[in-house]
Amino acid sequence: MLNELRVAIAVPRWALGFFRRHLVMVVALSAVPAVERFTGQMNARDPVLGATLELTTLAARVAFIALVLRFAIQQEPTIGPIGATEVGRRLRAFSAQHPRSLVLQVVLIALLFVLADVVPERLVPALTPVGPLYWAVLLAAKNLTVIPFTMIWLVGAVRQALITAAPARA
């Protein structure tokens, strides 16, 4: 069980390192949704402008995921060149070899959710009055930190499975 905990913890540790190494990219692409969420909480918007900003946020998130995949998987020499069939085989092999690790990662992500979502969005407003500025700052901060970190973590989980599972024998 201790080994499975190590395997599970390796992914968020890798994600944190990736976040730090690529901080400029993370902040640059996360600033778009952060500003959009902040301004959306502070001002009423024209529906066309709101839809345009939402589409811009979506485009920034898609670009972010694409770059994370490129840096984390495609540029990794041991897994970058493998094909879809091998990817599927490795993902299945990892899930069969490390099911406890996957469950532990779900627990860790759930803990992150409680700390980053439930506490600031449910507990704090229940204890003290909050206004639009609180929500604006909270949403901007989460868009700069928690959301990109979680995306990196999920890519990291796939990366770990692809690297850890043994390649097929020829």
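1. Let's start with one pair of side chains. A polar contact of 2.8 Å joins the side chains of glutamate 86 and arginine 90. Keep in mind as you look that this is a predicted model. Glutamate 86 has its place in helix H4, and arginine 90 lies in H4 too, four residues apart from glutamate 86, which is about one turn of the helix. The pair also counts as a salt bridge, with 2.8 Å between the closest N and O atoms. Side chains of opposite charge can pair when their charged atoms come close.

2. Are these two partners buried or exposed? Glutamate 86 is buried, because its relative accessible area is 16% and the cut-off for buried is under 20%. Arginine 90 is buried as well, with a relative accessible area of 6%.

3. Now for the other charged pairs. How many salt bridges does a search of the whole structure find? The search finds eight. One of them brings together the side chains of glutamate 36 and arginine 37, at 2.2 Å from N to O. Glutamate 36 is buried at 5% relative accessible area, whereas arginine 37 is partly exposed at 23%.

4. Another salt bridge deserves a look of its own. The side chains of glutamate 76 and arginine 159 meet at 3.1 Å, N to O. Glutamate 76 sits in the loop between helix H3 (47-74) and helix H4 (84-97), while arginine 159 belongs to helix H7 (residues 146-164), so this pair ties together parts that are 83 residues apart in sequence. Arginine 159 counts as buried, at 17% relative accessibility.

5. Next, the nonpolar side chains. The largest nonpolar core has 19 residues, and Phe18, Phe64, Val68 and Ile152 have the most contacts inside it. Which helices each supply at least two residues of this core? They are helix H1 (2-21), helix H2 (23-42), H3 and H7. H7 gives the most, with seven residues. A second, separate core has five residues, including Val7, Ala93, Phe94 and Ala161.

6. Leaving out residues up to four places away in sequence, valine 68 touches Phe18, Met25, Ile73, Ile152 and Val155.

7. The inward side of the story for H2 is a list of six names: Met25, Val26, Ser30, Pro33, Ala34 and Glu36 are buried. The buried residues of H2 pack against H1, H3, helix H6 (132-144) and H7. Glu36 is the residue from point 3 that pairs with arginine 37.

8. Helix H7 can be checked by the same reasoning. Its 19 residues should span 27 Å at 1.5 Å a residue, and the end C-alpha atoms are 26 Å apart, which agrees. Which residues of H7 are buried? They are Pro148, Phe149, Met151, Ile152, Trp153, Val155, Gly156, Ala157, Arg159, Gln160, Ala161 and Leu162. These buried residues pack against H1, H2, H3, H4, H5 and H6.

9. Glutamine 105 shows a polar residue's surroundings from another helix. Its place is in helix H5 (residues 99-127). Glutamine 105 counts as buried, because its relative accessibility is 5%. Which residues does glutamine 105 touch, not counting residues up to four places away in sequence? The answer is Ala8, Val11, Trp153, Ala157 and Gln160. Of these, Trp153, Ala157 and Gln160 are also among the buried residues of H7.

10. Finish with a contrast. Arginine 21 lies in helix H1. Is arginine 21 buried or exposed? Arginine 21 counts as exposed, because its relative accessibility is 54% and exposed means over 50%. Arginine 21 and glutamate 121 are 100 residues apart in sequence, and their C-alpha atoms are 29 Å apart in space.

Key: Residues are numbered from 1 along each chain as its sequence is written. This is a predicted model: local features need pLDDT of at least 70, side-chain atom pairs count only at pLDDT 80 or more; totals for chains, interfaces and linings use all residues. Side-chain values use heavy atoms; hydrogens and water are left out. A salt bridge is a side-chain nitrogen of Lys or Arg within 4 Å of a carboxyl oxygen of Asp or Glu. Buried means under 20% relative accessible area, exposed over 50%, partly exposed in between (1.4 Å probe, protein chains only). A nonpolar core is a set of buried Ala, Val, Leu, Ile, Met, Phe, Trp, Tyr and Cys residues joined through side-chain atoms within 4.5 Å. Contact means heavy atoms within 4.5 Å. A polar contact is a pair of N or O atoms within 3.5 Å; within protein, one must be able to donate a hydrogen and the other to accept it, and residues adjacent in sequence count only if both atoms are side-chain atoms. The expected span of a helix is 1.5 Å times one less than its number of residues.
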